[in-house]
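Please look over the structure below and read this short report beside it. The account begins with individual loop positions and then turns to the chain as a whole.

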Amino acid sequence: MNRDGVTPALGDDQALRLLEAPPAETLKGKRDRAMLAVLLYHGIRREEVCKLKVGDIQSRQGVWHLRIEGKREKIRYIPLAIAAQRLLTAYLAEAKHGEETDGPLFRPVKNNVGKTLAKPLHKASVWDMIRLYTKQIGIAGTAPRLGVHAMRATAATNALEHGADIAKVQEWLGHADISTTRLYDKRGSRPEDSPTFKVRYE
C-alpha cells in the first residue's frame with residue numbers, strides 16, 4: 001500500500017484481488033466486476049462512472065474507447081482496456097440493456113423504493129460497493145481514505161510506474177494542472193532506486 005500523496009494507491013496484488021472479489025455468476029457481481037475494471041484500468045472519477053451511458057462505449061479508429069464527461073462538461077476519450085471490455089460485455093449480456101445507447105451503463109440491480117432500474121447508479125452506491133469488497137478481501141482498514149478515489153490513484157500510480165508519460169497521464173485523468181498528476185508519481189520515492197543501493201566499497 002502506498003501512503004504518500006493525497007490518496008492511498010493499492011498494490012498490484014490488492015488490485016487483482018479486488019477485481020476478483022465480486023461473484024462472477026450474479027448480475028450484481030458482473031456489474032461490480034465491470035465497474036471495478038472501469039475504475040482500476042482507466043482512472044476515472046466516481047461521478048464520471050455514474051454518468052456513463054451505454055453509447056459511451058465507442059469505436060474510434062478501430063479501437064474501443066470510453067467517452068468520458070469530466071469536470072466542467074469537458075469530454076475526453078480513453079481507450080478501453082481489454083480486461084474491462086470483456087467484463088462489460090459479460091455484464092451487458094446479463095443485464096440486457098446493451099441496445100439502450102442513451103440509457104445509463106451502470107444501473108441498480110434492485111430498487112425497493114421507486115422500482116425503476118433504468119437510472120444511473122448513485123455515487124453513494126459506488127462508495128458502498130468499494131467498501132464492501134475492500135472489507136471482504138481484508139484491506140478496508142489498511143489506510144485512511146481508502147475509498148473510490150483510491151481506485152483512481154491506483155490506476156495513475158500503476159500507469160506511471162510502468163512508464164506512461166506524465167503529460168499523457170494528466171490528459172488521461174482530465175487534470176487541468178500537471179502538479180495534481182505529480183501527486184500520483186511515486187517513482188522518485190521508491191526505496192530500491194535510492195543511491196544507498198549504488199554505494200559499493202570493494
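Arg72 counts as exposed in this predicted model, because its relative accessibility of 69% lies over the 50% that marks the exposed class. Arg72 sits in the loop between strand 2 and strand 3, the latter running over residues 75-79, and its phi is near 55 degrees, a positive value in a residue other than glycine.

Gln61 also has a positive phi, near 55 degrees, and is likewise a residue other than glycine. Gln61 belongs to the loop that lies between strand 1, residues 57-60, and strand 2, residues 63-69. With a relative accessibility of 84%, Gln61 counts as exposed.

| Residue | Phi | Relative accessibility |
|---|---|---|
| Gln61 | near 55 degrees | 84% |
| Arg72 | near 55 degrees | 69% |

What is the pattern that the chain follows along the sequence? Read in that direction, the chain follows α-α-α-β-β-β-α-α-α-α-α, and its secondary structure comes to 8 helices and 3 strands.

How values were computed:
Residues numbered from 1 in each chain as written. Predicted model: local features only at pLDDT ≥ 70, side-chain atom pairs only at ≥ 80, totals over all residues. Heavy atoms only, no water. Helix = DSSP H or I, 4+ residues; strand = E, 2+ residues; numbered from the N terminus. Buried < 20%, exposed > 50% of the residue type's maximum accessible area, 1.4 Å probe, protein only.
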